[in-house]
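Me: Please go through this structure with me by question and answer. Keep the terms defined as they come up.

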Amino acid sequence: MPRGGKKGHKGRGKQYNNPEEIDRQMKAQKEMRECGASAEKESSSESEEESSSDEESEFRRRNGVQGLIEIENPNRVSQKNKKVTEVDVNAPRELSRREREEIEKQKSKERYMKLHQEGKTDQARADLARLAIIKKQREEAAKKRDELRKEKEAEEAKGKH
């Protein structure tokens with residue numbers, strides 16, 4: 001079913017410009033540019049004594065919507081290009097937040113592993129206690145095996161005699 005139900009679509013109909021109108025508009029824009037360029041040449045030849053800041057402000061006014069808007073965005077940070085001679089290669093560069101966090105994470109992990117090897121962490125103490133229990137169990141099992149083996153040897157010795 002078409003949009004808008006049975007009655008049809010209620011939106012605006014499309015309007016097309018005829019090619020002659022487009023050509024006329026383009027010629028008018030071209031003339032405006034040429035007039036602006038010739039006026040600019042005249043003003044630059046007459047006022048060569050003006051400072052460069054005035055020329056820069058005129059250039060800014062001409063560009064697009066900037067001519068209408070006088071306010072500059074305070075949040076916009078313009079990139080300042082440095083010359084190759086000004087760049088200090090030996091200066092320490094600032095780390096990004098992710099890099100700093102990664103380094104901190106590695107250092108804390110190394111600290112923890114060092115304490116763990118020394119047996120000062122809770123997990124290390126629990127591991128050592130578990131190991132001690134297992135050692136006792138193994139020693140007791142080894143003693144029992146030795147006793148059983150000795151008993152068997154004694155019985156075999158008696159059976160042979």
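This is a predicted model: local features need pLDDT of at least 70, side-chain atom pairs count only at pLDDT 80 or more; totals for chains, interfaces and linings use all residues.

Residues are numbered from 1 along each chain as its sequence is written, and side-chain values use heavy atoms, with hydrogens and water left out.

Me: In what order do the elements of the chain run from the N terminus on?
Reply: Helices (H or I, at least four residues) and strands (E, at least two) are DSSP runs, numbered from the N terminus. The chain has four helices and zero strands. From the N terminus on, the order is α-α-α-α.

Me: What percentage of the residues in the chain is buried?
Reply: A residue is buried under 20% relative accessible area, exposed over 50%, and partly exposed in between (1.4 Å probe, protein chains only). The chain has 161 residues, and the buried share of them is 3%.

Me: What share of the accessible surface of the chain belongs to carbon and sulfur atoms?
Reply: Accessible areas come from the Shrake-Rupley method with a 1.4 Å probe; for residues, only the protein chains shown count as cover. The surface of the chain comes to about 17000 Å². The part that belongs to carbon and sulfur atoms is 50%.

Me: Is T121 buried or exposed?
Reply: T121 sits in the loop between α3 (97-118) and α4 (122-160). Its relative accessibility is 9%, so T121 counts as buried.

Me: Which residues does R125 contact, leaving aside its neighbours within four places in sequence?
Reply: R125 is found in helix α4. It counts as partly exposed because its relative accessibility is 46%. Beyond the neighbours within four places, the contacts of R125 are G119 and K120.

Me: How many salt bridges does the structure hold?
Reply: Side chains of opposite charge can pair when their charged atoms come close. A salt bridge is a side-chain nitrogen of Lys or Arg within 4 Å of a carboxyl oxygen of Asp or Glu. By that rule, the number in the structure is seven.

Me: What is the N to O distance in the salt bridge of R24 and E21?
Reply: Both residues lie in helix α1 (residues 19-46), three residues apart, about one turn of the helix. R24 has a relative accessible area of 52% and is therefore exposed, whereas E21 is partly exposed at 26%. Their side chains meet with an N to O distance of 2.4 Å.

Me: Which residue meets E101 in a salt bridge?
Reply: E101 is partly exposed, with a relative accessible area of 40%. The side chains meet at 3.2 Å, N to O, and the partner is R97.

Me: Which residues do salt bridges that share partners join into one network?
Reply: The side chains of D146 and R149 meet in a salt bridge of 2.9 Å, N to O. D146 counts as partly exposed at 34% relative accessibility, and R149 does so at 44%. The network joined by shared partners consists of D146, R149 and E153.

Definitions and conventions:
Contact means heavy atoms within 4.5 Å.
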